[in-house]
Amino acid sequence: MKLRNAMRLSAIPAAAAVAGAVLAGGGSGPVAAQSVLDRITRDGVIRAGTRANAAPFAQKMASGEFKGFSVDLLREIRTATENALNRSVRVELSEVTPSDRLQRVAKGELDIVCGITTPTWDREALVDFSLPFFRDGTRVMVYRGKVGAVVDVGRLKIGVVKNTTTVAVLQDRLPAASLRDYPNMGEAIRGLEKGEVDGVANVGVVLLGLAERSEPRRSVVLLPRTRPLATESLACVLPQNDSRWRDLVNRTLIGMFAEIREFKGRYEQIYSRWFGREGALFYPLDRSTRDYLADISIWAR
């Protein structure tokens with residue numbers, strides 16, 4: 001599938017992307033019989049999903065507990081839900097994969113999935129999305145020393161996770177590259193270690209997180225060196241046509257972005273916890289991303 005056919009929401013201007021993410025209520029999915037908030041009022045549980053091996057966004061520990069940036073976002077949403085409903089609420093977290101994350105929300109098994117999902121118009125036909133909460137670029141990670149100083153990234157054999165927007169990005173931007181599908185990034189990294197592929201592709205922050213946790217540690221290079229192949233905006237997956245629940249999630253994010261222009265506020269605190277100098281992976285928040293997130297909330301003021 002070519003990128004132009006995937007119609008990534010992050011590729012359109014920010015204002016239009018927000019309108020698509022927030023106002024999409026006329027998709028082909030079924031109209032919700034009741035809001036997620038009605039069930040949470042009754043049960044006191046947010047049924048959430050995230051990835052188990054996508055640190056620093058989310059990682060399942062040996063204890064079974066999930067930790068990570070997107071897990072902390074879900075905790076913020078829980079607190080906002082408690083305040084809105086005036087009752088205690090807990091988050092019931094389940095592991096999702098690239099293959100089942102959308103379907104489980106569409107089927108009503110999960111109320112929300114926060115992780116490393118990019119909105120596209122094709123996906124909007126099945127589910128809705130929150131406002132973007134993170135922005136990064138698609139790159140290819142190779143081991144330093146395994147490729148020459150000058151690399152034609154478009155001629156490499158690249159490992160990708162099937163059913164992800166990364167596949168569409170590479171097919172569109174690197175049509176001469178040879179792609180090999182893997183079920184998850186762990187398997188793709190093992191393919192890189194065994195020499196099945198020359199590199200693996202994903203958003204840069206995920207690739208660096210994988211390199212940081214690899215044993216033994218390997219020096220890596222992200223290609224292209226100067227700029228990413230495409231920009232990816234990450235958002236939470238939500239049920240189709242449930243504006244009350246979507247609005248609560250979006251208002252929570254907007255509140256977190258309130259002081260981001262000054263590199264302050266709740267979003268900055270959580271971001272620094274995972275991506276700051278003392279975090280799991282040093283990946284500082286740049287000014288362009290800061291302004292992008294700040295500008296998203298202008299329409300709602």
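How many cavities of 30 Å³ or more does the count come to? In this predicted model, the count comes to two. The largest cavity has a volume of about 140 Å³, and its lining is made up of 16 residues. Those that lie nearest its centre are Ile116, Thr164, Thr165, Thr166 and Asn202. Of the elements involved, S10 provides the largest share, with three residues. By class, the lining of the largest cavity divides into seven nonpolar, five polar and four charged residues.

Asparagine 163 sits in the loop between strand S8 (157–161) and H7, and has a positive phi of about 65° although it is not a glycine. Proline 224 lies in the loop between strand S11 (220–223) and S12, and a cis peptide bond, with omega of about -10°, joins it to leucine 223.

Attention now turns to a pair of helices. Two packed helices are described by the angle between their axes and the distance between the axes. For helix H4 (residues 69–85) and helix H10 (residues 243–256), the packing angle is about 115° and the axes are 10 Å apart. The crossing of these two helices, H4 and H10, is right-handed. On the H4 side, the contact is made by Leu73, Glu76, Ile77, Ala80, Thr81 and Ala84. H10 brings Trp245, Leu248, Val249, Thr252 and Met256 to the contact. Sorted by class, the residues in the contact of H4 with H10 comprise eight nonpolar, two polar and one charged. Beyond H10, in the loop between this helix and helix H11 (266–275), comes phenylalanine 263. Phenylalanine 263 is not a glycine, yet has a positive phi of about 55°.

Strands of a sheet pair through backbone hydrogen bonds, either parallel or antiparallel. Here an open sheet of three strands runs in the order S2-S3-S4, and its pairing is antiparallel. Strand S2 (53–54) and strand S4 (66–67) are at the edges with a single partner strand each, so one side of each has no neighbour in the sheet. Strand S3 (residues 58–60) pairs with S4 in the antiparallel sense over two bridges. Within this pairing, lysine 60 has phenylalanine 66 of S4 as its bridge partner. The loop between S2 and S3 is where proline 56 is found. A cis peptide bond joins alanine 55 to proline 56, with omega of about 5°.

Key:
Residues numbered from 1 in each chain as written. Predicted model: local features only at pLDDT ≥ 70, side-chain atom pairs only at ≥ 80, totals over all residues. Heavy atoms only, no water. 1 Å grid on protein atoms, 1.4 Å probe; cavity = no way out; pocket = protein on both sides within 12 Å on 5 of 7 lines; lining within 4 Å. Points joined across faces, edges and corners; volume = space filled by probe spheres on them. Helix = DSSP H or I, 4+ residues; strand = E, 2+ residues; numbered from the N terminus. Nonpolar A, V, L, I, M, F, W, Y, C, P; charged D, E, K, R; others polar. Axes fitted to C-alpha atoms, helices over the stretch in contact; angles between N-to-C directions. Left-handed = near helix turned anticlockwise from the far one by under 90°. Contact = heavy atoms within 4.5 Å. Pairing = 2+ DSSP bridges.
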